[in-house]
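The report below takes up surface charge, strand pairing and salt bridges in turn. Please keep the sequence and the model at hand while reading.

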Amino acid sequence: ATPTSIMVGTGKAAESGILFKGGEHLERTHKLDAIILDKTGTITKGQPEVTDFSGDQDTLQLLASAEKASEHPLAEAIVNYAVGKKINIHDAEQFEAIPGHGIKAIVEQKEILVGNRKLLNDAQVNTTDFEKDLLTYEEAGKTAMLIAIDQELKGIVAVADTIKETAVEAIQQLKQQNLEVIMLTGDNPTTARAIANQVGIDQVFAGVLPEEKANKIKEVQLQGKMVAMVGDGINDAPALAISDIGIAIGTGTEVAIEAADVTILGGELLLIPKAIKLSKATIRNIR
Ligand code: ADP
Ligand code: MG
């Protein structure tokens, strides 16, 4: 590989908004076999909005007060919704995030749990009453969260995120480049499947806890494949670091950008097949 052609390649990439940290990453990109994409903030815009809420005013108030302490995009959506409903949001007396599952807070001496089935079931809360609603929301590609107050099931809130306009096209191009395309998410399998279907992804790893995302990359690497990971969040950083090519979404967190080998500006997914094309062209010129 001549240093000059690599330099020209990375320069061309940078002009299009593909920032390689070094020439070796551009060289390696043409060898990829599989690409694993995070769902929230990578395939979707990462700006979820509440679409449905069932529960009384008190439940909404406690829900929003509990979520106010969370930094998760889902929490922001819930707080915005409550503000729009002119709900008086309080400060939580205690707050704990349970990664991949939800949150637990004390507000006005009441214990609030918000999160997925597993979170509530682990706390011995029966979720049967809302099972049907849960499934309806999940099949529509929404993230639904159950709300329990002092161990009692009190409500359900569903949040939807918009798929990026160019996601379908980008994934189609990646498949045409003979890459195996996989979606990776902490969200539940039904919601994940619904989103994957909308963008044309066949393979899904769902319900993956933040600390297990990197293991999923390793699993695919152990099949003898060269793997790229695309992600935006703090919890994607270990997976980005372990992958053969880590691709950070430019609109994502600083931690993800630091852990990655490449950053795509503006989170434009079409820049990923473009990066692969550029890498192949560069290698061809070298040989
Ligand atoms: P992702 O991989 O999509 O970023 P996470 O691993 O952050 O997902 O979260 C997985 C699941 O945990 C969410 O789908 C939701 O059910 C639950 N969860 C996470 N944070 C919160 C929160 N602040 N409030 C309620 N539920 C949450
Ligand atoms: Mg994400």
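## Terms and conventions

A residue is called buried under 20% relative accessible area, exposed over 50%, and partly exposed in between, with a 1.4 Å probe and protein chains only. This is a predicted model, in which local features need pLDDT of at least 70 and side-chain atom pairs count only at pLDDT 80 or more, while totals for chains, interfaces and linings use all residues. Residues are numbered from 1 along each chain as its sequence is written, chains are lettered from A and ligands numbered from 1 in the order in which they are written, and side-chain values use heavy atoms, with hydrogens and water left out.

## A negative patch

Glu108 lies in the loop between β5 (102-107) and β6 (110-115), where strands are DSSP runs of E of at least two residues and helices are runs of H or I of at least four, numbered from the N terminus. Its relative accessibility is 32%, so Glu108 counts as partly exposed. Together with Asp56, Asp58 and Glu93, Glu108 forms a negative surface patch; patches are made of residues with over 30% relative accessible area and no salt bridge, like charges being joined within 9 Å and nonpolar side chains (Val, Leu, Ile, Met, Phe, Trp, Tyr) within 5 Å.

## Strand pairing

Strand β12 (residues 245-249) is largely enclosed by the rest of the structure, because five of its five residues are buried. Ile245, Ile247 and Ile249 cover one side and Gly246 and Ala248 the other. Strand β11 (residues 227-231) pairs with β12 in the parallel sense over four bridges, pairing being assigned if DSSP finds at least two bridges between two strands; Val230 has Ile247 as its bridge partner.

Strand β8 (residues 152-160) pairs antiparallel with β3 (residues 49-54) over five bridges, and is joined to β7 (residues 143-149), also antiparallel, by seven bridges. In the hairpin of β7 and β8, which has two residues between the strands, Asp150 takes a positive phi near 45°.

## Salt bridges

With a salt bridge defined as a side-chain nitrogen of Lys or Arg within 4 Å of a carboxyl oxygen of Asp or Glu, the count comes to 13. One of them joins Lys68 to Asp91, with the closest N and O atoms 2.7 Å apart; this pair links distant parts of the chain, 23 residues apart. Lys68 is partly exposed at 41%, whereas Asp91 is exposed at 55%.

Arg117 forms a salt bridge with Glu131 at 3.1 Å between the closest N and O atoms, linking helix α6 (residues 117-122) to helix α7 (residues 131-139). Asp38, Lys213 and Asp236 are linked in a network of salt bridges.

Methods. Areas by Shrake-Rupley, 256 points an atom, 1.4 Å probe, with all protein chains shown as cover. Lys, Arg positive; Asp, Glu negative; His and termini not counted. Charge placed at Lys NZ, Arg CZ, Asp CG, Glu CD.
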